[in-house]
Amino acid sequence: DLGEDKFFGAFTENYDEDLKVGVFTYVKPEDIPDKEVMVLAGEYVNSDIKKRVVEFNRSSDQYRIVVKEYEYLNGYDDWQAGYTQLNNDITTGHMPDILLTNGLPVDNYATKGLLADIGKMIEEDEELSSVEFMENVFNAFSMDGKLLYVVPSFYISTMVAKTSLVGDRTGWSMKDMRELMATLPEGTSAMGEILQGDFFNVMMGYCGRDFIDVDSGKCEFDSQNFIDMMEYAKTLPKEMGDDTYDDGWWENYQSQYRENRTLLCQMNISSMRNLPYTINGRVGEDVSYIGFPTETGRGSYISANMQFALSARSSHLDGAWSFVRYYLTDEYQSELTYGLPIQKKYLTEVSKEATQRPYYLDENGNKQEYDDTYYMNGEEIIIKPLDQVQLDKAMDFIETVDNSYYWNEDIMNIINEEMDGFFTGQKSAQDVAKIIQSRAQIYVDENR
């Protein structure tokens with residue numbers, strides 16, 4: 001007999017743990033302290049964040065977070081229904097206290113003044129104000145000098161090429177690339193298997209901010225830089241040939257950079273262990289972080305593995321900050337398992353992995369080193385760790401990138417809709433660029 005104030009119940013402590021059974025004690029409603037309710041919303045909220053919400057709710061005497069997830073609205077008829085509804089809620093005045101921004105048109109929210117200044121909160125935070133963060137990453141996620149997102153970890157996307165072919169350049173234009181390509185053997189590919197219809201999706205990710213100034217709202221799609229992009233895209237194949245994926249495709253794919261058949265290798269730096277694989281494996285010699293060819297020379301970008309924004313109009317801004325600040329602290333940064341840490345000291349610490357042989361712990365907890373390998377034309381090649389010169393060059397590069405990934409589906413639709421007239425020869429590059437410029441500028445103006 002448990003008595004009148006106790007009962008059995010089944011529960012889970014966290015979102016992905018097994019079901020448990022326990023004894024609960026009844027508490028009178030008047031004995032439960034009232035908490036201020038905050039909303040954390042996103043199209044998708046992963047289990048790690050949900051766990052953190054549970055921990056926060058248990059530990060806070062003042063606040064309770066309610067998770068609002070929109071993914072359940074997606075279906076076969078409309079796989080973006082959740083995204084659309086969340087965006088509509090935000091633009092009609094229902095901005096959550098804490099927003100997971102991944103995939104959303106957050107630039108539009110920022111220009112409307114919906115996002116709080118995270119940089120100011122860091123400055124006023126007794127612990128975090130003295131921490132050295134990756135300032136270039138903060139710059140990439142700032143507007144008008146205000147940091148708008150909490151970025152716990154990040155990765156960098158760039159294009160690299162053999163230093164022996166491109167020199168020590170850290171940026172170049174489309175004109176520069178085409179001049180170099182003219183000196184290379186016939187049949188050499190600049191970027192590998194990028195098709196005509198995919199080119200602008202790739203290009204806008206790398207350097208879309210060259211054509212849309214988010215701060216001012218000014219578009220420059222009628223610039224010579226964009227016209228150069230169009231002219232190059234027209235030279236690309238419309239589709240893969242019938243023999244593209246024949247029996248020898250994989251061998252050719254593996255050896256394309258080492259054998260100088262492809263100039264630029266796309267590279268994502270989400271872990272320092274990625275570096276030896278690309279540099280000493282796929283490419284096989286020292287590389288230059290030259291980036292995507294664009295007039296500004298800023299052809300590399302930073303992406304956040306997850307981003308939090310706080311509502312500037314929240315009545316619980318202090319509570320929202322007390323939740324998200326955790327992701328910038330030593331407690332979280334020191335245990336980061338994916339992506340590059342935003343705290344500089346932890347990035348420096350993990351960078352050493354690139355100069356060491358990989359290892360695993362055996363059943364006795366002993367460290368067992370091994371060699372990563374790369375296969376080319378049936379041959380196994382041992383991938384050497386980076387030497388100190390290679391690592392220093394990589395770290396110097398990482399600290400210079402201050403351009404964030406750009407994606408706006410409405411802008412991409414405008415580009416892709418108009419580009420066919422140019423590809424088919426019905427309109428000139430200049431005429432199509434002017435149309436895209438007009439349509440894009442109208443869209444930006446209407447959404448600011």
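The legends below describe close-up views of a predicted model.

View 1. F24 belongs to strand β2, which spans residues 20–25, and F24 counts as partly exposed because its relative accessibility is 31%.

View 2. The side chain of Q343 is joined to that of D330 by a polar contact of 3.0 Å. Leaving aside residues up to four places away in sequence, Q343 touches V131, E132, F133, L328, T329, D330 and Q333.

**View 3. Helix α7 and its buried residues.** In helix α7 (residues 174–181), the buried residues are M174, M177, L180 and M181. Viewed down the axis of α7, these buried residues fall within an arc of 125°, and they therefore line one face of the helix. An α-helix has 3.6 residues a turn, so residues three or four places apart point the same way. The cover over the buried residues of α7 includes α6 (163–166), α8 (199–207) and α9 (224–234).

**View 4. The salt bridge between R325 and E127.** The closest N and O atoms of R325 and E127 are 2.9 Å apart in this salt bridge. Because R325 lies in the loop between α12 (317–324) and α13 (330–333), whereas E127 lies in the loop between α4 (118–123) and α5 (135–140), the pair ties together parts that are 198 residues apart in sequence. R325 counts as buried at 19% relative accessibility, while E127, with a relative accessible area of 39%, is partly exposed.

**View 5. The salt bridge between R298 and D402.** In this pair, the closest N and O atoms are 3.1 Å apart. R298 sits in the loop between β12 (287–288) and β13 (301–304) and D402 in the loop between α15 (388–398) and α16 (409–423), so that distant parts of the chain, 104 residues apart, are linked. R298 is partly exposed at 33% relative accessibility, and D402 is partly exposed with a relative accessible area of 34%.

**View 6. The salt bridge between K344 and E399.** The side chains of K344 and E399 meet at 3.2 Å, N to O. The pair links helix α14, which holds K344, to the loop between α15 and α16, which holds E399, the two residues being 55 residues apart. K344 counts as partly exposed at 24% relative accessibility, and E399 is partly exposed with a relative accessible area of 34%.

Technical notes:
Residues numbered from 1 in each chain as written. Predicted model: local features only at pLDDT ≥ 70, side-chain atom pairs only at ≥ 80, totals over all residues. Heavy atoms only, no water. Helix = DSSP H or I, 4+ residues; strand = E, 2+ residues; numbered from the N terminus. Buried < 20%, exposed > 50% of the residue type's maximum accessible area, 1.4 Å probe, protein only. Polar contact = N/O pair within 3.5 Å; in protein donor to acceptor, adjacent residues only side chain to side chain. Contact = heavy atoms within 4.5 Å. Arc of directions from axis to C-beta. Salt bridge = Lys/Arg side-chain N within 4 Å of Asp/Glu carboxyl O.
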